[in-house]
Amino acid sequence: MDAILLQILNGLDKGSAYALIALGLTLIFGTLGVVNFAHGALFMIGAFCAVTFSKLLTLSHTIIDDTRKDFLGNPMKVDVPYIHEFVGQTTGDAIIDWAVPLSILFAVPVMIAIGFIMERGLIKHFYKRPHADQILVTFGLAIVLQEVIKFFYGANPIPTPAPAVFAGSFDFGAMLGFDPNTIIYPYWRLVYFGFAAVIIGAVFAFLQFTTFGMVVRAGMADRETVGLLGINIDKRFTIMFGIAAAVAGLAGVMYAPINSPNYHMGMDFLVLSFVVVVVGGMGSLPGAVLAGFLLGILESFASMSAILELIPGINQIIIYLVAIIILLTRPRGLMGRKGVMEE
Amino acid sequence: MSFSNLTRRGLIKTSAAAGAGLALPTYLSAASHAGYTNAPQGDTVTLGFNVPQSGPYADEGADELRAFELAVEHLNGGGDGGMMQTFSSKALNGTGILGKKVEYVTGDTQTKSDAARASAKSMIEKDGAVMISGGSSSGVAVAVQALCQEAGVIFMAGLTHANDTTGKDKRANGFRHFFNSYMSGAALAPILANEYGKDRKAYHLTADYNWGYTTEEAVRSSTEAFGWETVNAVKTPLTQTDFSAYIAPVLQSGADVLVLNHYGGNMVNSLTNAVQFGLRDKMVNGKKFEIVVPLYSELMARGAGANIKGILGSQNWDWKLEDQLGSRYSGTNAFVQSFGTKYGFPPSQAAHTCYVQTMLYADAVTRAGSFNPCAVVEALEGFEFDGMGNGPTLYRADDHQCFKDVVVVKGKENPENEYDLVEIVEVTPADQVTYAPDHEQFAGGSLGSCNAGA
């Protein structure tokens, strides 16, 4: 029982990352009709926003410390962050410690700008082209973005820790009356789950309760009619692309402390996110979220050693297996709409 | 079949293709008169450095390449000579190899066996490389070693830790200076028993590929010999990035030690995840929970940041060896000095092994008086040397594996900089990590005989 609870918890957490990325993908697909293979790269760039912001906060000047020697026996060069001089060492260290949550403020405008440039600069020219062309160009773009990040940050993962206050894990087991240590879960992952829930809620609220959202939903249902009503739907869709990029970016920012960011982390998520979108139903936002959590939980269960002993290797194929079953039984996915990708 | 479509143009094309095909073996054995593949012509000799220049191990590859460049510089008489000053063999004199200036070409392994074979093949066939070295994975090492055997050139392995490289996949033309999984297990086990006690329950997470299996087997058998119990061993996909689903059940299993048989990016992620779960703050079975990483890579450890604090693991070499443990490890400071002066930071163990392998090859050629691979094999087999940073070392003739001390390290609590992440706990002497050539973990396969190609 405790093992099952633990994997549900873990699956919810994993699913929240899938759901966030898939949500952005679906937003872009639902509005612009573009299959965006560069979406994983946006997630990765989000994580690197956290890395960049941390680096900016620790921007330093070098002083020579004659009392200490470096590995070659020369006087040691010590980096002193400028922030220590501006706000004092204690406050400076506290700000550096909170770099990841603070970088959300940095990531939102950066990601919206990147999304805007991507859409206006490249993807716009592919709206009327076949999906295969869109996939090729966005996949190519993803590789370019990856290589750009690698050029500046190297191939090694870069540690980007969460604030010290979130170190360690919460003991659910003790709370629920199980033995201590049977159901523990890291604080930061709980924060991630909460954060994902807030972002998903905010996106739905934005689409549901604002005029802008209403127009976008109308555009998603029937773009032509909305256009005929004199509404510039293209402009709104461009803004939606920016928002989708920001959602992927924020998912990446908060993910940075979970796994040290590296340049190919986007690709690791991309394929899974597409499976999530397809299982959820192309173009369906609630479907993407539901499938994200569902597949996250299934993946967690498949990694349990009891199940692995029963069916070896199931952890590597479970997601695709479920995708096949769902597509065979419900070809439009869990919550897919009629007519999407069926023309 | 009909010949009605045969045209004059078609006939010429076919003849040209057939002619090129017939000429190919001649091209491949252009140096046949010398009796071996790629015999150096003129006053230069070309070495091929096959390292990951793209992909997740690109930074490690870059460090290997730095070491190779430094080795070539020293061989040609440039710089301060590095380890040539401390190497027990005095055959090298800074005039290249056998008086021929050393030149090099590089290939990108991408840490993929097929890409590594393709780049090695190109360096051998197009650039005339007489020796191939480098690499950052056992899969690549085994693949390239087999290719070099077929082609008739020497392979001086880079970073490869799986037993199989000098076990079931050993080849007469291949040599490994780096240590292996068995040695890690044998070196770590007594120290683990000493630090954490003999009554421990271990849970293994193992990367699902060849290196993972041999490392798990080595650590399991060595620790079980000291009384540890292995409660579970779970294989994790090589492509896994989030290990939470594998780490979450560890505490439930009653284990009090987690062994991460992971390398590189896998290690960074699994260790980071394990520390996030607060495993190291827990008390299980009345003991503090511990994590062990059998093979440390200081370059990749940087990616795990503060999470490596207090974690035990093993290394082939560490740049602080001579400073901390004295002149037995002479050569270390000479190498660190020339590497540090040229590049501004201390070398990694990957850089060290690549530098040493290049020097050992050059020395063997010089002692043999020939670039002929079979002469080089003979010069390296059973070769005992010192002054290359690891203490007295033997290149065993039976399997072409180097036997030397193994460094046991621990993640430093208060690192002074990003190059000072580990502290040396102890050095396990070579005789404690030496095994019989027919040891079960190395069973199967044979060296065969050397191939000079051509």
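UniProt, in an unreviewed entry, assigns residues 44-412 of chain B to the feature "domain: Leucine-binding protein". The structure described here is a predicted model, with an ipTM of 0.87 and a pTM of 0.87. For chain A, the UniProt record (an unreviewed entry) lists "transmembrane region" at residues 15-35, 42-64, 98-123, 190-216, 236-257, 269-298 and 310-328.

**Confidence of the prediction**

- Chain B has a mean pLDDT of 90, and 93% of its residues reach 70 or more.
- Within chain B, helix H1 (residues 8-28) has the lowest confidence, with a mean of 51, whereas strand E15 (residues 402-403) has the highest, at 98.
- Residues 20-32 of chain B remain under 50 in pLDDT, and the model gives this stretch eight contacts beyond four places in sequence.
- Chain A has an average pLDDT of 89, with 98% of the residues scoring at least 70.
- In chain A, the lowest confidence falls in helix H7 (residues 172-176), at a mean of 81, and the highest in helix H2 (residues 39-57), at 95.

**Contact between chain A and chain B**

- The contact between the chains involves 39 residues of chain B and 38 residues of chain A.
- On the chain B side, the elements that contribute two or more residues are helices H2 (58-75), H7 (244-247), H8 (264-276), H9 (298-304) and H11 (332-343), together with strand E7 (229-236).
- The side of chain B that touches chain A comprises 20 nonpolar, 14 polar and five charged residues.

**Two domains in chain B**

- The domain assignment divides chain B into domain 1 (44-179 + 321-398) and domain 2 (182-315).
- A distance of 30 Å separates the C-alpha centres of domain 1 and domain 2 of chain B.
- Domain 1 of chain B gives 15 residues to the contact between these domains, and domain 2 of chain B gives 14 residues.
- On the side of domain 1 of chain B that touches domain 2 of chain B, H2, helix H4 (138-151) and helix H12 (349-368) of chain B each supply at least two residues.
- H2(B) gives the most to that side of domain 1, with three residues.
- By class, the side of domain 1 of chain B that touches domain 2 of chain B has five nonpolar, six polar and four charged residues.

**Helix H6 of chain B**

- H6(B) covers residues 210-225, a run of 16 residues.
- From first to last C-alpha, H6(B) reaches 23 Å, close to the 22 Å expected at 1.5 Å a residue.
- The buried residues of H6(B) include Trp211(B), Thr214(B), Glu216(B), Glu217(B), Val219(B) and Arg220(B).
- Which elements cover the buried residues of H6(B)? Among them are H4, helix H5 (181-196), strand E6 (201-207), E7, strand E8 (257-261) and strand E11 (290-295) of chain B.
- After H6(B) comes Gly227(B), which has a positive phi, near 105 degrees.

- Residues 190-216 of chain A are 96% helix and 0% strand, with the end C-alpha atoms 32 Å apart.
- Met254(A) is located in helix H11 (residues 233-255) of chain A. Met254(A) counts as buried because 30 other C-beta atoms lie within 10 Å.
- Beyond its neighbours within four places in sequence, Met254(A) is in contact with Tyr192(A) and Phe195(A). Met254(A) and Tyr192(A) are 62 residues apart in sequence, yet their C-alpha atoms are 6.5 Å apart in space.
- Val275(A) is located in helix H12 (residues 265-280) of chain A. Why is Val275(A) buried? Val275(A) has 20 other C-beta atoms within 10 Å, and the cut-off for a buried residue is 20 or more.
- Leaving aside neighbours within four places in sequence, Val275(A) is in contact with Leu295(A), Ile319(A), Tyr320(A) and Ala323(A).
- The C-alpha atoms of Val275(A) and Arg120(A) are separated by 27 Å, and the two residues are 155 residues apart along the chain.

Methods: Residues numbered from 1 in each chain as written. Chains lettered and ligands numbered in written order. Predicted model: local features only at pLDDT ≥ 70, side-chain atom pairs only at ≥ 80, totals over all residues. UniProt positions renumbered as here; feature names shortened; annotations may be inferred. Contact = placed C-beta atoms within 7 Å. Helix = DSSP H or I, 4+ residues; strand = E, 2+ residues; numbered from the N terminus. Nonpolar A, V, L, I, M, F, W, Y, C, P; charged D, E, K, R; others polar. Domains from an automatic or database assignment. Expected span 1.5 Å × (residues − 1). Buried ≥ 20, exposed ≤ 12 C-beta atoms within 10 Å, placed from the backbone. pLDDT = per-residue confidence, 0-100.
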